[in-house]
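Open the model in your viewer and keep the selection tool at hand.

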Amino acid sequence: MQQCKTVTLRTRKCKNGMLSFYLDYYPAFRDKETMQSIRHESLHIYIYAKPKNNRERSHNKSLTEKAEMIRCMRYESIINERFGLYDKAHKKASFLAYFKKLCEKNNQKWDYVYLHFYDYVNGKCTFEEVDVPLCKGFCEYLLDEAVNRRTKEPLSQNSVSGYWSTFRGMLRIAYRDKQIPDNINEFLDKVKTVESKKEVLTLEELYRLYKTPSENELIKRAAIFSCLTGLRFSDVQALQWKNVCTYADGGKYLDFISIKTEKQNIVPINKDVEKLMGKQGTGFVFKGLKYEMTQQPMKDWLADAKIQKHITFHCFRHTYASLQVELGTDIYTVQRILAHSNVATTEIYARHAEPKKREAAEKITIEKLKSVAKQQANKCKKGKNESAETTGESQTSEKKTNKRKKK
């Protein structure tokens with residue numbers, strides 16, 4: 001609104017004998033969200049064109065004062081924006097509404113953080129209330145009280161770290177956009193992540209799981225599908241037949257936008273994966289797949305397969321990464337298939353199967369130690385023999401010399 005110089009309160013006639021207040025901006029300003037040029041703003045405030053009694057005159061006076069008050073607020077906002085001043089009237093606006101708008105432009109994690117913050121502030125929070133104590137309190141809430149909205153279990157340390165990082169990122173944007181007067185992030189510390197064990201299935205366990213029947217065949221197909229493609233549950237659930245494409249030689253691949261990262265993924269698939277998807281159709285590939293199926297139905301299936309590890313659905317993605325590296329696929333290819341932005345993330349999944357580590361393990365074995373010890377023993381033996389021969393030759397030469405001296 002910086003280019004706007006004047007804000008004038010005007011009225012226009014309505015059909016029912018009323019007058020409608022509107023604001024006239026000169027020159028017009030461009031709305032930052034819609035990018036539309038705005039010259040007039042209707043206030044939806046109506047007064048009588050010809051008041052007939054004291055009640056109507058009182059009505060006109062009261063609403064005219066309110067309309068003028070709004071005009072003053074709009075003009076004050078223009079001045080504040082023009083000179084980089086903080087808008088005091090803005091303090092009473094809803095911070096939650098602003099947060100919600102930012103969520104629409106970002107990934108699903110922002111929605112989760114918004115819902116946790118909404119619960120923390122009991123559904124009400126103005127810009128005026130956003131300060132360091134409130135934000136620190138939210139961090140403590142995430143650590144001590146917040147629960148996973150699906151499993152109803154307390155959030156893990158690493159989940160809290162990710163949510164807190166997203167929340168601090170939102171505060172940076174709010175400060176940059178002059179929605180809050182202070183850079184609160186300067187007073188907020190990070191939540192450290194903790195090293196967590198990534199459970200994966202071995203080839204033998206994966207085959208055993210594949211051969212084990214399940215009362216819920218849908219979750220079984222989806223799980224084995226994830227093990228053979230590396231897709232997250234959200235992507236398996238959202239996968240549609242239109243995402244299944246064909247190479248020139250007849251091979252198949254998946255081309256989809258990841259739910260979490262909102263980036264394009266291209267994953268080649270083999271014949272076994274095609275069988276898991278079933279007959280070509282329309283709509284969703286795994287119709288009816290629900291998150292609840294990854295709880296008790298999947299746990300029962302794992303128990304029937306005698307799998308003792310704590311396996312969640314996301315562990316199938318870990319399994320794909322670790323088995324690929326273990327079987328010789330280079331880490332960068334696995335990174336591209338899993339669509340990780342940083343190879344370090346892929347390395348975490350496949351840490352136990354790193355070829356260089358396995359190669360290093362073979363450098364020190366009992367057999368090699370025996371071989372080295374044997375070589376050293378042979379060297380010592382050879383050295384002693386050579387020393388004895390040299391000593392013998394020296395003694396013989398000395399005797400011959402003594403004989404010559406006597407003669």
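How many residues lie between S4 and S5 in their hairpin? Five residues separate the two strands, and Gly 250 in the turn has a positive phi of about 100°. This is a predicted model, in which local features need pLDDT of at least 70 and side-chain atom pairs count only at pLDDT 80 or more, while totals for chains, interfaces and linings use all residues. Residues are numbered from 1 along each chain as its sequence is written, and side-chain values use heavy atoms, without hydrogens and water.

Select 244-246 (S4) and 252-257 (S5): the strands run antiparallel and are joined by three bridges. Strands here are DSSP runs (E, at least two residues), helices likewise (H or I, at least four), numbered from the N terminus; strands pair if DSSP finds at least two bridges between them. Within this pair, Val 244 stands opposite Leu 254.

Tyr 253 stands opposite Pro 268 in S6. The S5 and S6 hairpin has six residues between its strands, and Glu 262 takes a positive phi near 60°.

Next, select Arg 172 in helix H5 (157-176). Arg 172 counts as partly exposed because its relative accessibility is 44% (buried is under 20%, exposed over 50%, partly exposed in between; 1.4 Å probe, protein chains only). Glu 186 is 14 residues from Arg 172 in sequence and 9.9 Å away, C-alpha to C-alpha.

Finish at Ile 364, in the loop between H14 (355-361) and H15 (366-406). Its relative accessibility is 68%, so Ile 364 counts as exposed.
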